[in-house]
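Q: I would like to go through this structure with you, starting with the terms. Could you begin with burial?

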Amino acid sequence: MAHALNGELLGQLSGLLTNLLSPDNAFRSAAEQQLNEQWVEAQPSVTLMGLAQLLLHNPDKDQRGFCSVLLRRVALKYNAEDNQVWNLVPNDTRQQVRSALLTSLADEADTPVRHKVCDTISEIAKNDEYKDVKWPELLQALLQCSQSQNASHRESAFRIFASVPSLISNQHVDALKHVFTTSFGDPAKEVRVAALKAAVAFLQQADKSSQTAFVDVIPQMLSVLDPLAKEGDEESLVEPLTALIELAEVVPRLYRNVLPSLLHFMISLVRNKEMEEQTRQSALELLLTVAEAAPGMVKKSPDFVAQLVPAMLEMMTEITEDSHWDTTDDLDEDDTDENNVVGEHGVDRLAQAVGGAKFFPVAFEHLPHMLASDAWQSRHAALMAISAMGEGCGKAMEARLADIVPNVVVFFRDPYPRVRYATCNAIGQMCTDFQPGLQKTFHEIILSSLIPVMTDGANPRVQAHSAAALVNFAEASDKATLDPYLDVIFQNLLVLLNTPKTYVQEQAITTIATVADSAEDKFVKYHNAIMPLLFNVLHGATDKKYRLLRGKAMECASLIALAVGKEVFAPNAQDFINILIQTQREATDPDDPQVSYLLASWARMCKVLGTDFLPYLNIVMPPLLQSAQLKPDFAVVDPDEDIESKYSAEDGWEFVGVDGQQIGIKTTVLEEKCTAVEMLICYARELGAGFQPYVEQVMDIVVPLLRFYFHDGVRQAAATVIPLLLADVKKANASPEYQANMWHSVCAKLIDNIANEADPTFLVSLYMAFYESAEQMGPNCLTVGEMESFTNAANAQLKEYYEKLQQRELAKRGPDYDEDDEILAEEEEAEEAVLGELARAVHVLFQLQGTAYLPFFEKMLPIVTTFLADKNSAARQWAVCILDDLVEFCGPVSWNYRDAFLEKWFACVLDEAADVRQAAAYGVGIAAQCGGPDYAEACAAALNNLFQVINHADARSEENIYSTENCISAVSKICKFNIGKFDTNVVLPAWLDALPIVNDEEEAPLTYTYLLDLIDAQNPAILGNENANLPKLLNIFIEAILSGVLSQELSTRMTNTMKAILSSLPESTRQQFWNSLPVEKRQGLQEAGIV
């Protein structure tokens, strides 16, 4: 049993604490070692008891506070054997420590110390709760504190409830509402603030009914804020604002009834320039979070966007004068905590949340006035706002580009350099947001205004940004658009490449690389002028400060190699490869920025050289594999620690708060790892059999990366490379046994990942990896167990999708539904993409396994029929596609399942959704072609529906054309394969009237082959009475040939038939027919050499 420590031990521990707090690093380090070795490891129970006693009795308040912090750290620390100290000590010790903490909570008079005690109690309580250990005395003590006459006690109770809301989660809601409502009016503001934070914490984890019950408490909760603002106590005000932001993220609907008053109060804070930046930004963050979490609710508020947009635009004008801005070498982005940057991000976020229809008109009420302002800050803010709003206002803004672009490019000539910089930013971002249409339509006005800015030598920062904007323009431009401007572009870029500013040179090299990539063979004429300059950089810029410049030069040279091709680049190839080899040997610093550029440059050279790259593979692969196997650096730090001093953001560290601790990860390592795995894709794809020696090692690396949850790009690349590796083994003629062993090992892991993956975006990649790998292995490559496992995994995914689908349909009937919600639309799009790839996987299974897959498909059939009858068109289309594959690859055997689907399947030909009609029409045709005689009668009966679609007034609209052409093709197949069930003399003329097919390359060949066969057979229904249909046939042939949907062989056959028909006609008839053709068709026939 634990007992109180004697005075001597307490004295030793107290002295140790003094040394731990010493400013002398040597004293502190020695004390830390002593604490760990002689106390925590050797006598953990004594350590905890001693700290608890000192917490109660030490007269020094700083030491009492430190005791509380140290008690928490020691108790929850894990030793080398991964055992928590708290679990190693006797239960009696734990009980006495808990008792000491509650005593301190009751008796501690110093506020900072008491807060530390609250934090320690909270962490111990959460730890106990996680391990299902009860601490009944805690809730009783906190309830007493909440009713205490002492405000410090009341605050402490709510402070702990805020940290551990589960303590009150089982209390009656009405009782909690009473307690919280009373406390929101507490005389002590610290109690009011703590109560608000506790209420938020409770609501975040409460069930929906409890949350709903608190709706009428929200006004009282918000009443906590106004007195703090009026008192000017901004430190206290930011705390509840932060809590309300967290509530908005989880339960935004709670703000519905108070949205007007919330908006009014927050806007007053945002616009109050006498307040601290953090206060104003917190108020803005709350409104933006509400908008992002509940866009439908916000869009129904008449004033929300109208009031918030001008407030953010005003905040964006709060940018200070800096006389050194335009010439500084410190190019770190503007401080993200500054008001102008926060306002800019707010514009972006609100535009994306509410969409262009709501945001754009409000913004452009204010932007023209700002652009016309004499204050450069207003012009700068307006241009940066245009940059920020493009992504969210896509359609609305795109429709007005003809007005916007000319009114933006004029500011390339603004007298103030920061405005010119903002203009570059706006044009560059619009080039990205509205590509490629903007480039094609406005290239002249943009480039004629942008290119001269690169000559602004007095303002190198503007110069560099203009070159950066050119990157955005060129990335989505084709060589035809760029060609007229290439001379002047490269003339200016060569000047930038010779400027003394390193960052300008870096940007010039990046721009050259991008323009070369887009210009392709048009770049050849500039190759000889630019490559020597790049080699000068690569050979001469050897100082450490030029590493990024060298990396960009490597990138540029390799992109130029891709643009000009192997033959043109050949004179420089060996020199460049030698540079890459030398750089690889010298770039040993883990933070060397050259590494990622080096990896990508090697891969581009592989694309350029093809199999000639194989001699360098043994140089490239070792460091590449090392990079692919990098493990991310993690850090778990206490919130009391100084994170920035140890884990700088400049070094790539990013932190998130989790349960009172900060979890950090070093992202630079992740980017290098991602680049490496992406490069493996290149080598596996380009080198084929030559990559076989590395396949097994690479496969061992990438398969586990399918669950590398720290970086989506790594997972995507890993999934992409797997089928390529299997293809390499196949191309290398490895033994069938070796291929099969590798495939079955990979197959099991792919299916397991599919079964357990929740991210729809990555599920798409997993399904693709699965079926592309199976296609590489060929027919009958799956075992019975693999087919069963895949089907079980797919069924689970389908059931989950269906549940989400029903939930979404229910939400659409709710008060906050927003039909323009882009986030919801993206979710639906992602889930529909999963359906599409799952359908493709089932297609491949039927294709490879045939009827052997039917026993497993039977488990999926109930889901298929459920989807077939669903209101959601994506679900119906998926089901129809699955049934199409069933009949196509299982043929007459599929008739055994007809009762489950046939009637509804064929009825989908008349579905309201065009893509469902298309799939169903294809299915009818497949049933006629592959289903056998059992389907003949049903196919014949489907003719009326098929012609109903074909003859609809909008049958050939852009939306409907593919469903129409699939219907035409279905009639072709019915006539060809099911001829005995109807009168072809009636159907064939109607079918001929429905032609041509000029869009669907998959359906055109069979239809036109059948038509030509009928002509060769002199079918009277096709030729018509006395060959009256010949002009019609000629027009069909011309449309088909000029459309490009025919193979060369079929086009030749059709051309010969057309020439035969023409030669059979009198000269006058031929001339009359020729004159009746539109000019463009005559030109097309002449260019094709047909006439």
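A: Buried means under 20% relative accessible area, exposed means over 50%, and partly exposed lies in between, using a 1.4 Å probe and protein chains only. This is a predicted model, in which local features need pLDDT of at least 70 and side-chain atom pairs count only at pLDDT 80 or more, whereas totals for chains, interfaces and linings use all residues. Residues are numbered from 1 along each chain as its sequence is written, and side-chain values use heavy atoms, with hydrogens and water left out.

Q: How many residues of the chain are there, and what percentage count as buried?
A: The chain has 1091 residues, of which 55% count as buried. Its C-alpha trace spans about 120 × 75 × 65 Å along the principal axes.

Q: How many helices and strands does the chain have?
A: There are 56 helices and three strands. Helices (H or I, at least four residues) and strands (E, at least two) are DSSP runs, numbered from the N terminus.

Q: Where does UniProt place the Importin N-terminal domain?
A: The UniProt record, an unreviewed entry, places the feature "domain: Importin N-terminal" at residues 31-107. UniProt positions are given in the numbering used here, feature names are shortened, and annotations may be inferred rather than shown by experiment. The span 31-107 is 78% helix and 0% strand, and its end C-alpha atoms lie 29 Å apart.

Q: Take Leu70, then. Which helix is it in?
A: Leu70 is in helix α4 (residues 61-75). Leu70 counts as buried because its relative accessibility is 6%. Not counting residues up to four places away in sequence, Leu70 touches Leu17, Leu20, Leu35 and Leu51, where contact means heavy atoms within 4.5 Å.

Q: What does the domain assignment give?
A: It gives domain 1 (228-318 + 337-348), domain 2 (355-522) and domain 3 (995-1090); such bounds come from an automatic or database domain assignment. The C-alpha centres of domain 1 and domain 3 lie 67 Å apart.

Q: Where is Thr514, and is it buried or exposed?
A: Thr514 is found in helix α30 (residues 502-519). At 13% relative accessibility, Thr514 counts as buried. Leaving aside neighbours within four places in sequence, Thr514 is in contact with Val471, Ala474 and Glu475.

Q: Turning to aromatics, how many aromatic pairs are there?
A: The structure holds 30 aromatic pairs. One of them joins Phe180 and Phe184, which are stacked at 6.2 Å centre to centre with 20° between the planes. Rings of Phe, Tyr and Trp (its six-membered ring) pair if their centres lie within 6.5 Å; planes under 30 degrees apart count as stacked, over 60 as edge-to-face and the rest as tilted.

Q: Where do Phe180 and Phe184 lie?
A: Both are in helix α10 (residues 173-184), four residues apart, about one turn of the helix. Phe180 counts as buried at 1% relative accessibility, and Phe184 does so at 3%.

Q: Why is the pair of Trp743 and Phe770 called tilted?
A: The planes of Trp743 and Phe770 are at 40°, with ring centres 6.4 Å apart, so the pair is tilted. This pair links distant parts of the chain: Trp743 is in helix α39 (residues 736-756) and Phe770 in helix α40 (residues 760-777), 27 residues apart. Trp743 and Phe770 are both buried.

Q: Which residues touch the most other members of the largest nonpolar core?
A: They are Tyr683, Phe691 and Phe770, in a core of 392 residues. The largest share of this core, 17 residues, comes from helix α32 (residues 547-586). A nonpolar core is a set of buried Ala, Val, Leu, Ile, Met, Phe, Trp, Tyr and Cys residues joined through side-chain atoms within 4.5 Å.

Q: Last topic: how many disulfides does the structure hold?
A: The structure holds zero disulfides, a disulfide being a pair of cysteine sulfur atoms within 2.5 Å. For Cys939, the nearest cysteine sulfur, that of Cys930, is 10 Å away.
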